[in-house]
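Here are a few exercises to work through with the model open beside you. Try each task yourself before you read its solution.

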Amino acid sequence: MAVDAPTAARPRPAWNEGPVLSWLTTTDHKRIGILYIVTAFLFFLLGGVMALLIRIQLMRADSDFITEDTYNALFTMHGTTMIFLFIVPVLAGFGNYLVPLMIGAQDMAFPRLNAMTYWLFLAGGLVLMGSFFAPGGAAKSGWYAYPPISWQYPNVGQDLWILGIHLTTIASIAGAINFIVTIHNMRAPGMTWMRIPLFTWAIEAYSVLLLLALPALTAAVTLLLLDRQAGTSFFLPDEGGSAVLYQHMFWFFGHPEVYIMILPAFGMVSEIIPVFSRKPIFGYKAIAFSTIGIAFASMLVWAHHMFTVGLPTWLNAFFAVTSFSVAVPTAIKIFNWIATLWRGQLQFKAPLMFCLGLIAFFTMGGLSGILVATFPFDYQAHDSYYIVAHMHYVLFGGTAFGLFAGSYYWFPKITGRMYNERLAQWHFWLILIGFNMTFFFQHMVGLLGMPRRVYTYSRGGSFELYNLLSTIGTWIMTVAILLFLWNMIRSWRTGPRVGPDPWKADTLEWYADSPPAPHNFTSVPPVTSARPLRDLRMRIKEQR
Amino acid sequence: MRRTVLVLLALALPAAAVVAALFLPGIAPPRTVTDSGRTIHEIYWVTFALAALVFILVEAALLAFIFRFRRRRDMPDGLEGPQIHGNTRVEIIWTTIPAVLLLALAIYAIARVPDVEATPPSSAAGEVLEIEVTARQFYWQYEYPNGAISYDALYVPVDTHVTLFLRSTDVAHSWWVPDLSGKRDAIPGRLNRINFRATETGFFEHGVCGEFCGTQHARMTTDAHVLSAEEFEQWLADNEPPLEDDATVALGETQWAAACAKCHGLAGEGGYGPPLAGNTTLVTEDALRQIVTEGQDLDANPGYMPPVGRGWTDEQIRSLIAYVESNPDLAPQGGSR
């Protein structure tokens, strides 16, 4: 009986060659990862432009730079874009690129499913962005689309929003399954659970949370679609439905989503700090288990988004206590990172700078999180700019700082070239100033009484001054982001070439070439600890 | 010696930042004139103090380590830090301390909740002022026990237990007057309540809708007047239906400002919505009732109008018409119902 020739020996069909077609047809996890990262970053720029328009409108009292409906669509789509089209997919991109390399695998478990998730995500993104051009404009009921307001407006944009969420959700669920199967089954020999890189731990938690939380969102927006288009009344009180039910379903997804968005960034920090401190991570197990602890607790805290709904006091108290309980594993992470710095040999390259920034500013977001979890205070802070500030300290001070750190850290691996350190340092300091200027004053303007999602306000004095400062902060951030963009583009083309391991790092992805060959590795060094590459360097040193 | 200086400096920097922040307006929620709001204020400061302490310690450690353990130029390239993999005792300590602190905070906050909820004591039964609040896109309607109505302005007496019953006839809103107390949602299909007792008289602006409720969410504001007992009794008596003609017109004026003007302009000149000055629907009772209870152009966008007067009584329809007819800018030329 004839045996099939090995796959590698088969001639490549002509239709998937060439600079464009090879990307369109790729099932290589690295290429898919790059597609994810680049596409998500483009959506980040679009979401950023929306934020800039929002801030220009709010720069002065009684401004009429943009109309009410435009404003409402902009903040709705800013949140939707940043969450569904930037953070979650860019993390999927880094996960895609890095996880197989980190665990010594040749690809993801299901390469074609992997490609499908990217194209579904892109389709979802195009639907959401395209909805701006629909009659009546894009959705304008906020990123959490509470009914009845999301049911009330008959604009097509809201239905397209639901379609876009469905597409990105299917992508994320399929991607999560792929990550879990890959991490469970394709680790290199010797890579036990207590030796996998902490970023991979974080992607595992990210994937499990996506699998558990996203179906609740899918169900909620499907029922919303039925209410809008099929005459049902799941969420319509006039016809016996419950508006609060949607809120429970949404936040059952919505709060784990926060940890879906932050845990992989934490994972990046746990990879980067040891390398630039020239030390092992302090408390590997504590960090790995705190990741699982955060993921578990995050499923039990959703109603802290609903403290003012009028739930029974004992229920509010329950959700306050569970929310506090998330703070413990989070604090453990912060303490372990700081302990990793202790007695290290700190090299203040951009990746470490952004990690230090994350520790400094995520701590503020975490602490203001304790404040708002204290539900009596939340009665004042809820749905005010205080929440906007808190949430951006977590997602920008946390996730975005982590992503910048990761972008610089893995840039040489992905491109084979080094980024420009001086530009990166400018990027760091400008983003530090701009970010704090934008969001710090929002704490105070919130407690002075500014609700979120208002297209205008009529108060002057410090109220207006805070808003003005916040707007100026976004311009500083814009300059910083443009520097980052320029650095990435220019260094990709003309940066100095680097070898496999420019940082003298610890994990397997640095064993592969920079950029890695299509099959990643021809061999994988034996894994006897969580730092196989350092072990290898030590062995080579001893043999000399 | 040098180490002490470093530690002190590292502590001083974040501490100075916290102290500087204390001088910023809005660093805390307002002290308010109610028991419940003051309790929130107190809980805030207790939690803030704890958070500030943690903030200072974490940032100080970060700053000190950044400075102390930076790699110096003269150090050899391959130099590593000590290969410390962790310390179980330290892990246990820094797991336990935050857990204990948070548990203490939770117990404290939950113990203070009764003062925030401010449920009127049973001894005060019969003396509680109960006000029906209806949230509609995009205004607040207050209805008092004697049938008096006010729009976008709440009137309450000082030193009296007040309970607001919050309802919505359209979408989710949230009642929030920061100078009185925290917020509470008004959600269709649900009856919520919020209690407070003001201990000082005063006029408080800056009440808003906390939950995004649509196009004019930003314009859904409310004032609050805390009056002396006598002033309040007087206000109630002046506004008790049936109203005299000029009082009806005055009520209609606030109704127009609250329910109509945010989209159609104070003089009906138009704005987000079309101009209404001179429109005969405004003075035709049946047509007016239909459009305010059912809204308009439900399938068109733009052109959509929410049912701003769903549940209005005949008196409310008439007070609006009375105002429109009294206002030469708005009244149709020679028109009448």
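**Exercise 1.** In which loop of chain A is A:R453 found?

*Solution.* Some ground rules come along with this one. This is a predicted model, where local features need pLDDT of at least 70, side-chain atom pairs count only at pLDDT 80 or more, and totals for chains, interfaces and linings use all residues. Residues are numbered from 1 along each chain as its sequence is written, while chains are lettered from A and ligands numbered from 1 in the order in which they are written.

Step 1: look in the loop between α14 and α15 of chain A, and there is A:R453. (Helices are DSSP runs of H or I with at least four residues, strands are E runs of at least two, and both are numbered from the N terminus.)

Step 2: check the backbone. A:R453 isn't a glycine, yet its phi is positive, about 70°.

Step 3: check the surroundings. A:R453 is buried, as 22 other C-beta atoms lie within 10 Å. (Buried takes 20 or more other C-beta atoms within 10 Å, exposed 12 or fewer, and partly exposed is in between, with C-beta atoms placed from the backbone.)

**Exercise 2.** What is the phi of A:A145, and is this residue buried or exposed?

*Solution.* Step 1: go to the loop between α4 and α5 of chain A, where A:A145 is found.

Step 2: read off phi, which is near 45° for A:A145, a positive value in a residue other than glycine.

Step 3: count neighbours. A:A145 has 22 C-beta neighbours inside 10 Å, so A:A145 counts as buried.

Step 4: stay in that loop, because A:P148 has its place there too. The peptide bond from A:P147 to A:P148 is cis, with omega near 5°.

**Exercise 3.** How do α2 and α3 of chain B pack?

*Solution.* Step 1: find α2(B) at residues 35-68 and α3(B) at residues 88-117.

Step 2: take the geometry. Their axes are 9 Å apart, at an angle of about 170°. (Axes are lines fitted to C-alpha atoms, for helices over the stretch in contact, and angles run from 0 to 180 degrees between N-to-C directions.)

Step 3: name the arrangement. The two helices, α2(B) and α3(B), are therefore roughly antiparallel to each other. (Over 145 degrees is roughly antiparallel, under 35 roughly parallel, 65 to 115 roughly perpendicular, and the rest oblique.)

Step 4: pick out residues that meet. Among them are B:I40 and B:I43 in α2(B), and B:L101 and B:L105 in α3(B). (Contact means C-beta atoms, placed from the backbone, within 7 Å.)

Definitions and conventions:
Contact = placed C-beta atoms within 7 Å.
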